[in-house]
Amino acid sequence: MNFDWTPSQNSFRQRIRDVLDRELQDDWPQKSRLDPSSEYVSRFSREFCPTLAREGLLIPHWPQQDGGEGLDPFHHWILGEEMFAIGEPRSYQYMSVNWAGPAIRKYGTPRQKAELLPRITGGTMIFCQGFSEPGAGSDLAAMKTKAERSESGGFVINGSKIWTSGASLADVCFLLARTGQGRKDISAFLVPMDTPGIDVRIVASFNGERSFHEVFFTDVQAPEDAVLGEVGRGWDIVMSVLADERVGAPRYALTMRGIDIGVGILAGRGQFDEPAQIRAAQAMAACHAAQLLCLSVIDDRAKGRPPSGSTSVARYCLNAADRLAADFFEEFLSDDLVLNENPVLAAAYRRTASSGIASGTAEMQMNAIARDVLRLPRE
Amino acid sequence: MDFDLTEDQALIASAVRQIVARHLADPTSADFVLNAPVVERELTENGFLGATSEMGLGPVEGLLIAEEVGRLPFAIEAATSGILGRAILDAHPVRRPLAVALAPADGPIRYLQGGGAAVIITDDDVRLLQVEEQDVERVPAVFAYPFGRFRRLNVDKAVVLEGVAPESAKQWWRVVIAAEIGVAGRAALEATVEFVKQRRQFNRAIGSFQAVQHRLAHVATLVQGIEWLTRRAATSGAAADAALAATMAQQSAGLIHADCTQFHGAYGTTLDCPLHFWAYRLRALRGELKGLSHQSVEAARSLWPDAVAKQSRAVRPA
């Protein structure tokens with residue numbers, strides 16, 4: 001048992017920090033508001049990610065034959081921690097390199113690979129994830145968006161998606177649509193966002209400038225080779241790729257930074273009294289627990305073990321920690337939250353609001369823990 | 001970073017688990033505290049208990065042993081001697097059970113009994129006392145641990161542990177608290193999961209109701225979080241890690257106790273139900289070393305020393 005980072009992992013983290021120090025200007029927090037969904041960060045990512053690519057830091061976790069460095073999942077996780085803590089300057093390109101790209105590598109046709117992978121590894125391609133629908137959130141298999149065979153070949157897509165992050169910034173939608181009557185008769189499509197018939201509307205939210213969208217598909221023509229993998233296997237593809245990614249974003253990295261910033265603000269005013277110390281420490285303890293649970297999952301992944309219920313434990317713990325952090329922010333820093341003057345504090349607080357919803361709700365994680373960890377009966 | 005036990009650690013845990021497994025069956029006599037001299041002797045003879053170890057075991061191994069021993073309903077002191085003892089007592093000969101208390105040590109103390117030993121933490125030093133029968137009286141308590149109280153305590157008669165700072169002793173005490181809450185929480189959870197699989201109401205196992213499942217899932221998350229924080233604290237020997245582990249543990253102990261008892265219904269409050277051996281330990285541990293607020297403040301001091309110092313200066317009268 002050893003909880004220390006290796007020298008290689010430490011130097012990798014330093015490598016990332018050096019690049020961030022060099023590439024992010026002093027006014028980054030003010031301009032970005034640490035909001036990966038903002039136009040500013042999205043635009044920035046199209047310059048920043050090519051720089052990361054040149055530095056070998058965009059896809060270091062990809063296999064060498066695909067342009068990566070073949071670094072282990074701990075290095076990948078460190079990259080995520082550093083990026084998330086500073087406001088994700090990759091914008092939604094983090095999805096491109098974490099799971100959309102790997103899905104294309106695994107299931108894509110030669111043409112899809114040739115066309116899309118160079119743009120992903122070059123740091124110029126933003127994906128959005130067309131999964132959730134108004135009637136299909138946690139119950140994704142209830143989706144209604146249809147892709148029907150057209151007489152002229154290919155598919156015609158009709159339906160709508162919602163909560164789609166970064167849709168108005170994205171180049172391509174990684175879309176799930178129903179291609180048959182069965183509950184899981186779903187296929188994955190790669191659809192350019194400038195395809196006629198796609199209408200994108202921003203859903204205003206305090207989560208972020210362009211965190212949420214509605215995306216409407218009206219007679220959208222998708223060629224046969226827009227399908228990723230086999231027709232009807234979209235569900236399996238997404239489950240396989242997301243299971244491989246496992247925990248998702250290291251949310252605690254920004255939450256911990258927000259708590260540190262909050263403590264600094266209070267100390268500067270002489271307001272870091274014992275009640276504040278107690279709340280801050282309790283939130284931080286939960287963040288450390290979440291971090292260790294996440295890292296135990298990464299350790300399993302690094303050792304080639306299959307996904308287990310531990311992933312849900314880690315994800316649920318991230319949510320629980322975020323709740324305690326929100327309690328601390330709201331009780332002791334409420335004026336600062338209202339005034340919205342500190343972008344890091346504001347971003348950390350904003351993120352706590354969505355942590356039980358994004359990427360699988362807290363309730364779905366608890367269902368999975370009950371089923372896979374506690375082995376409780378379903379009946 | 002490696003979350004797996006080393007080969008030696010795994011062997012130790014496995015050996016203790018085998019001994020424990022032979023005694024895991026429900027106790028036949030219901031009492032608030034169960035002693036098990038046979039089990040204790042077997043563990044001692046195999047070198048798994050105590051503050052000094054011929055096998056060279058340290059606090060991490062002490063924790064792993066305590067994780068296994070704590071699954072038993074019996075009150076066997078393994079954590080204080082195995083973790084705190086091995087961390088600070090060095091070569092001092094120490095009897096078991098080992099108790100720990102803050103001076104003046106005038107309240108009930110877990111595992112304080114004649115024939116054992118006690119670590120007394122004063123403001124200035126840390127002392128070790130061999131406890132004699134006439135020094136203590138038994139305190140009847142419902143908390144599944146044996147408690148004793150000093151009839152008279154002459155701190156001056158205790159041996160001062162040179163080179164051991166009070167803060168160091170408190171740090172390792174925090175690891176002990178977290179370890180004991182983690183293992184009692186794990187045992188309470190496992191007992192509750194088994195119970196809700198068997199107990200049927202409305203023609204179905206109550207463990208199939210989502211309301212029950214979600215709360216036990218939450219408990220499972222708390223227990224796993226405590227376990228990893230404790231393992232890290234025992235491994236790193238860092239003050240902040242110990243304070244964070246104890247904070248998380250004492251913060252969670254009440255909820256773990258409440259939900260595990262709740263799902264047993266009235267049965268869970270009886271001595272017929274073995275749950276109380278772990279659930280009531282959780283209650284006892286909530287107040288140890290001045291309780292959650294104290295550990296939280298200590299964690300804040302470790303994490304943000306400058307901010308806490310600045311605050312102290314700000315409130316100090318001119």
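In this predicted model, the axes of helix α8 (residues 252-268) of chain A and helix α10 (residues 310-332) of chain A come within 10 Å and cross at roughly 20 degrees. Axes here are lines fitted to C-alpha atoms, for helices over the stretch in contact, with angles running from 0 to 180 degrees between N-to-C directions. Helices are DSSP runs of H or I with at least four residues, strands are E runs of at least two, and both are numbered from the N terminus. That crossing angle makes α8(A) roughly parallel to α10(A); angles under 35 degrees get that label, those over 145 count as roughly antiparallel, 65 to 115 as roughly perpendicular and the rest as oblique.

Zooming out, chain A has 13 helices and eight strands. Its radius of gyration is 21 Å, close to the 21 Å that the globule rule gives for 379 residues, so chain A is as compact as a globular protein of that length. The radius is taken over C-alpha atoms, and the rule is 2.2 Å times the number of residues to the power 0.38. The C-alpha atoms of chain A fill a box of roughly 70 × 55 × 45 Å along the principal axes. Buried residues make up 57% of the chain's 379 residues (buried is under 20% relative accessible area, exposed over 50%, partly exposed in between, with a 1.4 Å probe and protein chains only). Of the contacts in chain A between residues at least 6 apart in sequence, 73% join residues at least 24 apart.

Chain B comes with 10 helices and nine strands. The radius of gyration of chain B is 20 Å, close to the 20 Å from the globule rule for 318 residues, so this chain too is as compact as a globular protein of its length. Buried residues account for 58% of those 318 residues.

Leu229(B) sits in helix α6 (residues 210-236) and is buried, at 0% relative accessibility. Leaving out residues up to four places away in sequence, Leu229(B) touches Ala285(A), His288(A), Ala289(A) and Leu292(A) from chain A, plus Asp241(B), Leu244(B), Ala245(B) and Met248(B). Thr261(B), in helix α7 (residues 239-262), is buried at 12%. Arg22(B), by contrast, lies in the loop between α1 (7-21) and α2 (37-45) of chain B and is exposed, with a relative accessible area of 55%.

Residues are numbered from 1 along each chain as its sequence is written, and chains are lettered from A and ligands numbered from 1 in the order written. Local features need pLDDT of at least 70, side-chain atom pairs count only at pLDDT 80 or more, totals for chains, interfaces and linings use all residues, and side-chain values use heavy atoms, leaving out hydrogens and water.

Note on methods. Contact means heavy atoms within 4.5 Å.
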